[in-house]
Amino acid sequence: MELRCDRLWLYLLGGAILVFLAAPSVVVAVTSFSDSQFLTFPPETWSLRWYHAYADSIEWRAATFTSLKVAFLTTLIATPAGTAAAYSLRMLGTRFSGAVQAIYTMPMVVPVILIGISLFFMFARIGLNTTVTGVVLAHSMLAVPFVVITVGSGLANYDFAQETAARSLGAYRLKAFLTITLPQIRVPVITGALFAFLTSFDEVIVAIFISGGDSETLPRRMFTALREQIDPTIAAISTCLIIITGGILLAVQAFGFSGKRSRS
Amino acid sequence: MIFSGDINAASLARDGRREFYGMAALCLPSFILVFILLILPIGWLFWMSLFNADGAFSAENYVRLFDSTYTSTLVTTFQVGFLVTVISVVLGYPLAYMLSQLPPRLAGLCTIFVVLPFWTSTLVRTYAWMLLLQRKGIINSALISLGLIADPIRMVNNMTGTVIGMVHIMLPFLVLPLYGVMKSISPDYVRAAANLGAGPTRAFWTIFLPQSLPGLTAGMLLVFVLCLGFYVTPALLGGGRVIMWSMMIDSSIRLYANWGAASALGVALLVMTFCVLWLVNRLFGLKRLYGESR
């Protein structure tokens with residue numbers, strides 16, 4: 001199909017909607033380099049003032065560090081757990097996968113606000129509120145489905161005869177998996193790990209309820225700050241977050257796998 | 001011969017069972033995670049909704065959902081959900097249609113503009129709209145300096161801001177599955193229609209549109225159901241004037257520590273979510289929508 005001139009209106013309209021989708025991120029990124037307290041677009045004078053404010057603030061630094069730590073630990077838990085689940089779902093075949101898959105879709109379809117309050121309630125009983133452990137566990141639960149889906153779709157195209165061959169030659173199952181299967185499904189595994197990281201790093205609602213104090217994550221701190229007043233430092237932080245997200249997506253794209261997230 | 005066959009069958013069955021248990025054990029870590037941190041607490045919440053403040057078994061919490069404070073929240077939630085869904089269709093359909101008509105390379109490039117916001121933090125995107133829409137924000141100053149308006153338009157801390165922000169967040173949820181469906185519609189049908197004398201407009205309305213309807217319906221229901229549980233964007237862009245369901249749940253707990261009310265609201269939200277998702281699944285198959293549309 002080639003571009004047709006009589007469809008100009010369609011391309012104009014579609015282009016305008018694409019601009020609507022992309023513009024807010026661009027605006028945030030550009031205004032973050034403004035020098036004034038009241039962010040203007042485009043900035044009258046340019047500076048790194050708000051980036052310095054971000055880097056100099058102990059509270060923002062602590063929240064950023066917590067978020068990175070939580071996201072990293074979440075990735076460490078969710079990736080092996082999700083990979084193991086995807087592997088066993090593939091081996092068990094279609095007999096059980098329907099019911100089991102329903103369980104793995106639940107974290108993606110249950111309204112996050114409900115996950116937040118019910119975890120808050122349960123964690124209050126067992127003393128996990130405002131702890132890093134609690135946030136990591138909750139985020140791992142939210143991230144597992146993304147790993148199961150990405151690794152599962154990778155395994156769907158994988159020829160298990162290779163693993164069977166390795167086992168028939170005397171390799172134990174774990175060894176056969178680690179030396180034959182895993183290297184071949186590394187792309188979906190890494191993709192799943194990146195999505196797990198991003199899921200945790202961006203997560204706001206559950207963190208609003210169960211994190212706090214030493215375990216306050218960056219999105220939670222941003223949310224609280226935004227409720228009070230618009231602090232221009234947030235523009236600088238947002239730009240950093242956009243760059244991190246973009247970087248991870250580029251990495252995923254470079255690995256040749258395109259995934260989709262179904263929740264916000 | 002028969003004897004050894006029996007031994008084989010028995011040992012095969014034993015191996016099969018062992019294989020099954022081994023594989024099931026691999027599912028266990030993630031299963032425990034989901035069970036303890038999702039199914040158990042939500043079940044607890046459900047259980048709690050059945051008791052009143054004195055700890056007696058009653059339907060009080062559910063009856064209270066019909067109070068005017070709660071019903072007005074319900075109406076607001078549905079209004080927002082409806083508006084966001086309709087606007088998303090108006091903007092999303094042409095965009096998905098354009099993507100499906102572009103040459104693959106260009107379409108891939110344009111899809112990045114849809115996927116990138118999709119993965120960008122909801123909080124960041126909501127903040128961006130706060131910057132754009134506020135009283136002295138970018139849109140107002142642009143309109144004033146162009147001389148189109150004299151005084152700033154109120155676009156934030158109300159319904160307008162909430163809906164704009166939510167449409168921006170929901171649009172990819174509609175466009176991505178719709179684009180997937182439209183891509184699978186063979187252009188031969190439209191060509192055949194043109195061959196038989198239909199103009200481009202007629203071919204679109206009678207051939208293309210009906211075939212894209214399943215994707216559109218599924219996308220719409222999905223956007224609607226996600227709107228029902230939305231929290232961050234209405235909380236920040238609504239400025240306390242748009243009280244949605246999720247915010248009611250939040251304030252029942254934080255302000256009034258009323259777990260009975262919060263849990264009943266939560267259960268109602270969950271039931272409705274599952275009903276709509278069940279409908280989507282029946283109509284279309286969730287798996288096709290997100291799992292394999294690429």
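Predicted model: local features only at pLDDT ≥ 70, side-chain atom pairs only at ≥ 80, totals over all residues.
**Entry 1: chain A overall**

I began with the secondary structure of chain A. I found 12 helices and zero strands. Reading from the N terminus, the order is α-α-α-α-α-α-α-α-α-α-α-α. I then took the extent of the C-alpha trace of chain A, which spans about 70 × 65 × 30 Å along its principal axes. Buried residues make up 47% of the 264 residues in chain A. I also looked up how far apart the contacting residues lie in sequence. Of the contacts in chain A with a separation of 6 or more, 76% join residues 24 or more positions apart.

**Entry 2: confidence in chain A**

The average pLDDT of chain A is 87, and 92% of the residues score at least 70. Where in chain A is confidence lowest, and where highest? Helix α4 (residues 94-109) of chain A has the lowest mean, 78. Helix α10 (residues 205-210) of chain A has the highest, 94. I flagged residues 258-264 of chain A, where pLDDT stays under 50. For that stretch the model has 17 contacts beyond four places in sequence.

**Entry 3: the interface**

I turned to the two chains together. How many residues of chain B are in contact with chain A? I noted 68 residues of chain B, in contact with 71 residues of chain A. On the chain B side, helix α1 (residues 2-48) of chain B gives the largest share, 15 residues. By class, the chain B side has 53 nonpolar, 11 polar and four charged residues.

I looked up helix α1 (residues 8-31) of chain A against helix α3 (residues 68-101) of chain B. Their axes lie 9 Å apart and the packing angle is about 115°. The crossing of α1(A) and α3(B) is left-handed. From α1(A), the contact uses A:Leu10, A:Tyr11, A:Leu13, A:Gly14, A:Ile17 and A:Leu18. From α3(B), it uses B:Leu91, B:Pro94, B:Leu95, B:Tyr97 and B:Met98.

I then took helix α5 (residues 112-126) of chain A with helix α12 (residues 259-283) of chain B. These axes come within 11 Å and cross at roughly 140°. The crossing of α5(A) and α12(B) is left-handed. α5(A) supplies A:Leu114, A:Ile117 and A:Phe121. α12(B) supplies B:Trp259, B:Ala262, B:Gly266, B:Leu269 and B:Leu270. The contact of α5(A) with α12(B) has seven nonpolar residues, one polar and no charged.

**Entry 4: helix α11 of chain B**

I asked how much of α11(B) is covered. Eight of its 10 residues are buried. They are B:Trp245, B:Ser246, B:Met247, B:Met248, B:Ile249, B:Asp250, B:Ser252 and B:Ile253. What do these buried residues of α11(B) pack against? Their partners are α5 of chain A and, from chain B, α3, α9 (200-228), α10 (232-237) and α12.

**Entry 5: the nonpolar core**

I looked up the largest nonpolar core and found 151 residues in it. The residues with the most contacts inside this core are A:Leu119, A:Val144, A:Val206, B:Met170 and B:Cys227. Helix α7 (residues 159-183) of chain B gives the most to this core, 15 residues. I followed up A:Val206. Leaving out residues up to four places away in sequence, A:Val206 touches A:Val112, A:Ile115, A:Gly116, A:Leu119, A:Ala138 and A:Leu142.

**Entry 6: single residues**

I checked two residues with positive phi. A:Thr130 has a phi of about 55° although it is not a glycine. A:Thr130 sits in the loop between α5 and α6 (132-156) of chain A. Is A:Thr130 exposed, partly exposed or buried? With 15 other C-beta atoms within 10 Å, A:Thr130 is partly exposed.

B:Ala257 is not a glycine either, and its phi is positive at about 50°. B:Ala257 lies in the loop between α11 (245-254) and α12 of chain B. B:Ala257 has 9 other C-beta atoms within 10 Å, so it counts as exposed.

Last, I looked up B:Gln79, in helix α3 of chain B. B:Gln79 has 14 C-beta neighbours inside 10 Å and therefore counts as partly exposed. B:Gln79 and B:Leu228 are 149 residues apart in sequence. In space, their C-alpha atoms are 9.9 Å apart.

Key: Residues numbered from 1 in each chain as written. Chains lettered and ligands numbered in written order. Contact = placed C-beta atoms within 7 Å. Helix = DSSP H or I, 4+ residues; strand = E, 2+ residues; numbered from the N terminus. Nonpolar A, V, L, I, M, F, W, Y, C, P; charged D, E, K, R; others polar. Axes fitted to C-alpha atoms, helices over the stretch in contact; angles between N-to-C directions. Left-handed = near helix turned anticlockwise from the far one by under 90°. Buried ≥ 20, exposed ≤ 12 C-beta atoms within 10 Å, placed from the backbone. pLDDT = per-residue confidence, 0-100. Core = buried A, V, L, I, M, F, W, Y, C linked by C-beta atoms within 7 Å.
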